Amino acid sequence: MRIKKLFKTESEYLDYAWSFMSFDENKIWCEEDEKIMKPFFDFDKIRHKVQDEEGSFKKYWTPEIDVGFKHWQKCREEYADKLFEIRNSISQFNIGELAEFFLLEPIEMDCWDYDKDGNEIDEDGNIMPPTSRETIKIASDWKEEMTFPLYFIGWIDSDYDRFGKSRVSFSEFVSLRDYDSH
């Protein structure tokens, strides 16, 4: 997946990064859309069982299924195809690797133990705060250079090849102040 995006503020940039870091691959469809598409999804699960000798299932196609199918097509065009692309591109990256891709401070991911309430604790016994949009920030190595507005360019992809899992990611940015007229 290629990303080329202009960010006017740091907050906008961090919101965008967090949308990848908190992505729930099981929540592609909006709930209200799922309800409309349910007849189509239900039919899609059994359609191979109801095909006639010629491979047609038209006699089982109801108006409710047709409405669901048309809504499914509309939702794919409006938002779902983009979400599927994000899901497929980041599927093999953990939250720490996504933070690195977006040039953020490293995410503390290795808890030492759990306290009696189930909270993650570090080796000193301190409760580790959960990672959230409010806890992520630009890495100190980049903080001075990443002035906004900036243009973020990146490529991130997960795939499989004959050797197994294949991942690639790189990112860069250009701060528009670098192009101020003198």
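Colleague: With which residue does Arg133 form a salt bridge?

Modeller: In this predicted model, Arg133 belongs to the loop between strand E3 (120-121) and H5, and its partner lies in helix H1, 118 residues apart. The closest N and O atoms of the pair are 2.6 Å apart, and the partner is Asp15.

Colleague: Is Arg133 buried or exposed?

Modeller: Buried means under 20% relative accessible area. Because the relative accessible area of Arg133 is 18%, Arg133 is buried.

Colleague: Which residue forms a salt bridge with Glu10?

Modeller: The closest N and O atoms of this pair are 2.7 Å apart, and the partner of Glu10 is Lys143. The pair links distant parts of the chain, with Glu10 in helix H1 (residues 10-21) and, 133 residues away in helix H5 (residues 140-143), Lys143.

Colleague: How many salt bridges does a search of the whole structure find?

Modeller: One of them joins the side chains of Arg76 and Asp81, at 2.8 Å from N to O. Arg76 is partly exposed at 30% relative accessible area, and Asp81 is partly exposed at 36%. For the whole structure, the number of salt bridges found is 9.

Colleague: Why does Glu108 of the negative surface patch count as exposed?

Modeller: Glu108 forms this patch together with Asp110, Glu123 and Asp124, and lies in the loop between helix H4 (95-101) and strand E2 (113-114). Exposed means over 50% relative accessible area. Glu108 therefore counts as exposed, its relative accessibility being 55%.

Colleague: What is the radius of gyration of the chain?

Modeller: For a compact globule of 182 residues, a value near 16 Å would apply, but the chain has 22 Å.

How values were computed
Residues numbered from 1 in each chain as written. Predicted model: local features only at pLDDT ≥ 70, side-chain atom pairs only at ≥ 80, totals over all residues. Heavy atoms only, no water. Patch = residues over 30% accessible without salt bridge, like charges linked within 9 Å, V, L, I, M, F, W, Y side chains within 5 Å. Areas by Shrake-Rupley, 256 points an atom, 1.4 Å probe, with all protein chains shown as cover. Salt bridge = Lys/Arg side-chain N within 4 Å of Asp/Glu carboxyl O. Lys, Arg positive; Asp, Glu negative; His and termini not counted. Charge placed at Lys NZ, Arg CZ, Asp CG, Glu CD. Helix = DSSP H or I, 4+ residues; strand = E, 2+ residues; numbered from the N terminus. Buried < 20%, exposed > 50% of the residue type's maximum accessible area, 1.4 Å probe, protein only. Rg over C-alpha atoms; globule rule 2.2 N^0.38 Å.
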